[in-house]
Amino acid sequence: MAGQKKHGGRKVRVAILGCGGMAGAHAGRFRANPDAEIVALCDVTQEKVRAFLDRHLKDYSPAPQVFTDPAEMYETARPDAVAIVTPHTLHFQHGMQALDAGCHVLMEKPMVTDSRQARELAKKVKKTGKIFVIGYNTPCSPEFAYLRETIRKQRLGRLEMVCGYLSQGWMKGTLGTWRQDPRLSGGGQAYDSGAHLLNSLCWSVESDIEEVFAYVDNHGTPVDINSVIAVKFVNGVMASIGVNGNSPGGGAFMVFIFDGGRIEIDGWGAGWMNVFDRNGKVKYPVVPGVAQSPNDNFIDAILGRAEPRTSVVNGIVQSDLMDAIYESARTGRPARPRRG
């Protein structure tokens with residue numbers, strides 16, 4: 001494997017915990033990064049891990065070690081870092097265990113499914129001093145970096161409102177999987193694909209949640225499929241987000257409305273952006289930077305070459321938001337986060 005870079009004399013040794021569908025994307029990204037070496041894989045059975053190895057890393061050398069117990073993996077393989085790609089409600093336990101084992105952590109979204117767990121995990125990250133990032137795509141894009149700097153510097157005036165939607169054939173696509181089991185998922189489409197759009201909102205606005213009102217439709221399943229969410233942030237910004245899980249065509253749209261213009265953007269993958277000022281559409285907005293995957297940002301942050309684009313702070317704000325969404329949907333009243 002060419003292009004080896006140094007991390008204490010070697011590459012960053014990475015493990016992958018959880019060998020389901022999304023883990024394949026993580027394996028591909030780490031494999032393509034010359035500064036990373038995949039040294040271990042772990043899931044509940046050896047058969048599942050070896051099948052994953054055959055699908056995604058068959059010719060990878062040296063072959064990653066195979067484990068069914070995370071504790072044994074950390075003790076034997078001694079990875080520097082781990083990507084946690086397990087069902088949502090297991091994230092807290094697996095994140096705490098990885099940090100105790102001395103690993104930097106890339107956590108698949110959502111970080112956790114309870115705001116109290118989010119704050120406890122944040123304390124552990126601070127205590128260990130390890131890099132901790134969440135696998136959101138948009139914070140690693142030049143477009144969202146441009147958007148957030150526009151908000152911070154008030155280039156288009158003060159941000160007043162955000163509207164957006166995400167649609168996907170999620171209900172049929174996840175039928176019979178753990179994603180529709182609230183014991184493992186913690187929730188439905190709003191916590192799964194919807195987490196990307198909701199994090200794009202919270203990451204950009206950079207404010208705590210003040211109040212939420214939400215309607216949720218489960219479509220006869222155990223988890224939310226469609227959601228309509230109104231959010232008021234502490235800094236005064238208001239937002240309305242629709243998350244749909246019963247549409248055959250996937251799509252996403254967000255508009256950030258300022259008192260001096262607006263920015264329309266793909267809130268799922270940052271694939272496009274339109275900027276409007278007081279004079280109309282800006283034909284060629286200057287958007288500096290290069291797109292990265294969360295995995296590449298994770299490795300760069302470990303090596304001290306970049307700041308992590310996400311952190312436990314993002315996980316806390318989104319956990320506050322999700323707790324309030326489900327409380328409001330359950331009670332039929334506005335809900336405020338339970339902090340502390």
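Analyst: Before the sheet, a word on terms: two strands pair if DSSP finds at least two bridges between them, and helices (H or I, at least four residues) and strands (E, at least two) are DSSP runs numbered from the N terminus. This is a predicted model, in which local features need pLDDT of at least 70 and side-chain atom pairs count only at pLDDT 80 or more, while totals for chains, interfaces and linings use all residues. Residues are numbered from 1 along each chain as its sequence is written, and side-chain values use heavy atoms, with hydrogens and water left out.

User: OK, which way do strand 9 and strand 10 run, and how many bridges join them?

Analyst: Strand 9 (residues 226–233) and strand 10 (residues 238–244) run antiparallel and are joined by six bridges. Within that pairing, Ala230 stands opposite Ser240 of strand 10.

User: And what's the order of the strands in the open sheet?

Analyst: The open sheet has eight strands in the order 8-9-10-7-11-12-13-14, and the pairing is mixed. Strand 8 (209–217) and strand 14 (280–281) stand at the edges with a single partner strand each, so one side of each has no neighbour in the sheet. Helix 11 (residues 312–331) packs on the sheet and touches strand 8 and strand 9, its direction making about 50° with that of strand 8; contact here means heavy atoms within 4.5 Å, and angles run from 0 to 180 degrees between N-to-C directions, with axes as lines fitted to C-alpha atoms, for helices over the stretch in contact.

User: Switching topic: how many salt bridges does the structure hold?

Analyst: The structure holds 21 salt bridges, a salt bridge being a side-chain nitrogen of Lys or Arg within 4 Å of a carboxyl oxygen of Asp or Glu. One of them pairs Arg31 with Asp59, whose closest N and O atoms are 2.5 Å apart. Arg31 lies in helix 1 (residues 23–32) and Asp59 in the loop between helix 2 (46–56) and strand 3 (65–67), so the pair ties together parts that are 28 residues apart in sequence.

User: Is Asp320 buried or exposed?

Analyst: Asp320 is buried, at 2% relative accessibility, where buried means under 20% relative accessible area, exposed over 50% and partly exposed in between (1.4 Å probe, protein chains only). Its salt-bridge partner is Arg119, at 2.9 Å from N to O, and Arg119 also counts as buried, at 18%. Asp320 lies in helix 11 and Arg119 in helix 5 (residues 115–128), so this pair ties together parts that are 201 residues apart in sequence.

User: Now the backbone: which residues does the cis peptide bond with omega of about -5° join?

Analyst: That cis bond joins Ser61 and Pro62, and Pro62 sits in the loop between helix 2 and strand 3. The bond from Lys109 to Pro110 is cis as well, with omega near -10°.

User: And what is phi of Gln154?

Analyst: Phi of Gln154 is near 55°, a positive value in a residue other than glycine, and Gln154 is found in the loop between helix 6 (142–153) and strand 7 (159–167). Arg78 likewise has a positive phi, about 50°, and at 53% relative accessibility it counts as exposed. For context, most residues other than glycine have a negative phi, and most peptide bonds are trans.
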